[in-house]
Amino acid sequence: MENEQAKAWTRICRETDPAETLARMIPFVREIGVSRIADISGLDFIGLPVAVAYRPTARSLATCYGKGVTLTEAKASAVMEALERYCAENPKITLRYASYDELLGEGRVVDLDMLPRIGEAPPLKSRRSLWARAKGMTTGDTAWVPFETVHLDYALPLPTNLECLLVGSGGLASGNTIREAAVHAISELIERDALTLWRAKGSDINETIIDLESVNDPWCTEILSTLSRSGVRTAVWDMTSDLGVPAFFCEISSDNSSTFRNVSPAAGSACHPLSGIALGKAVLEAVQSRLTMISGTRDDLTREMFMRGSPRPPREEPNTCAGKAFTDIPSALDFASIDDALENLLNRLRTGIGEPLIVDLSHDGIPAVVVRVIAPGLEGSCDAPGYTAGTRARGLAAKQDGDVEHG
């Protein structure tokens with residue numbers, strides 16, 4: 001599936017062609033713990049490529065999935081995700097053992113109250129724990145962030161004073177350059193924030209469904225046509241938040257009577273300053289999620305997930321709206337490179353959230369970059385067990401309650 005639009009999108013998303021990225025990384029796959037790379041596309045009948053990189057000695061998830069419109073893209077995606085996890089499981093960064101209060105007295109430290117939480121109890125700011133050195137993405141100033149929000153070594157216990165913080169892979173990304181990795185990381189953080197706020201809208205999200213006939217992006221149209229030809233139903237919702245970065249939620253489903261197995265509806269979401277890239281990635285993410293469930297090899301899959309399927313939009317009745325036009329969703333214009341995407345994202349956060357912080361987790365000798373970006377003030381993943389709404393989600397809930405009272 002190749003066209004000029006897809007090639008243009010590749011230049012904006014990546015600074016190196018996926019084939020070259022994969023070729024560079026193949027000599028290092030053993031070093032990052034990958035035992036094999038498998039093409040699992042044939043487990044489904046859709047035909048869009050999905051690959052898995054297996055890491056049997058991982059200290060987090062042992063399987064890393066990748067997707068794309070070509071098998072090379074899918075394999076490169078899987079290997080780069082494996083690299084992310086390896087570097088986050090084995091960080092080679094500057095650490096400090098101190099309390100929040102000590103660091104605050106010496107200089108800049110991230111505001112713990114602005115980080116995503118999984119409990120109501122506030123973090124203890126007087127007890128010592130490990131902190132990682134981060135850098136402001138606009139000022140370049142140093143700031144200390146909790147080590148737990150940076151690493152992915154799940155074999156380590158959480159410190160008792162910071163166990164209320166949400167930990168996970170959000171904001172962890174890889175790339176051929178630090179700019180490329182930063183764009184992926186920030187986009188994912190804005191996506192999770194948007195998804196949490198969008199789900200909080202309840203039945204109002206019916207108004208956000210996209211009329212797929214209005215999609216005029218050639219790359220997205222080809223992906224959607226592939227799903228349609230395979231008999232898979234696709235629904236997409238606009239979940240763009242007040243930050244104005246296009247974000248979409250996609251759900252795909254099929255009639256189980258036409259398959260040899262029961263396959264629950266699968267979902268995916270994505271965000272990017274260009275609406276075409278955001279939509280295409282959301283649909284491909286749903287395809288990957290579906291094959292993840294079919295293959296059943298991911299460590300954190302549970303029996304309950306197979307019974308209820310992937311997270312779905314909070315709607316009780318079938319949508320009857322005509323749908324909003326894809327062309328009505330504001331999209332950044334005149335992008336020529338990854339630098340434009342990064343500048344756009346930083347400007348969006350600067351006006352609505354504040355300065356994101358970045359930690360370089362790259363390992364010397366490996367020809368790729370891994371970063372962890374932390375954006376204080378953004379909501380985390382609402383799918384995390386025990387997730388507690390942050391300032392933005394609470395503000396939205398209060399506004400909705402006010403609208404109901406005045407209605």
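A: From strand E11, Ala 266, Gly 268 and Ala 270 point one way and Ala 267, Ser 269 and Cys 271 point the other way, and all of them are buried, where buried means under 20% relative accessible area, exposed over 50%, and partly exposed in between, with a 1.4 Å probe and protein chains only. Since six of the six residues of E11 are buried, the strand is largely enclosed by the rest of the structure. The model is predicted, so local features need pLDDT of at least 70 and side-chain atom pairs count only at pLDDT 80 or more, while totals for chains, interfaces and linings use all residues. Residues are numbered from 1 along each chain as its sequence is written, and side-chain values use heavy atoms, with hydrogens and water left out. Strands (E, at least two residues) and helices (H or I, at least four) are DSSP runs, numbered from the N terminus.

E11 belongs to an open sheet of three strands in the order E9-E10-E11, with antiparallel pairing; two strands pair if DSSP finds at least two bridges between them. Strand E9 (233-238) and strand E11 (266-271) stand at the edges with a single partner strand each, so one side of each has no neighbour in the sheet. On average, and ignoring direction, neighbouring strands of this sheet are turned by 20° against each other. Strand E10 (residues 247-253) is joined to E11 by six bridges, the two running antiparallel. Within E11, Gly 268 is the bridge partner of Cys 250, and Ala 270 is that of Phe 248.

Two helices pack on this sheet. Helix H5 (residues 178-199) touches E9, E10 and E11, and its direction makes about 120° with that of E11; contact means heavy atoms within 4.5 Å, and axes are lines fitted to C-alpha atoms, for helices over the stretch in contact, with angles running from 0 to 180 degrees between N-to-C directions. Helix H7 (residues 275-295) also touches E9, E10 and E11, with its direction at about 150° to that of E11.

As for cysteines, Cys 250, the partner of Gly 268, is buried with a relative accessible area of 0%, and Cys 220 counts as buried at 1%. The structure holds zero disulfides, however, a disulfide being a pair of cysteine sulfur atoms within 2.5 Å.

Among contacts in the chain with a separation of 6 or more, 70% come from residues 24 or more positions apart.
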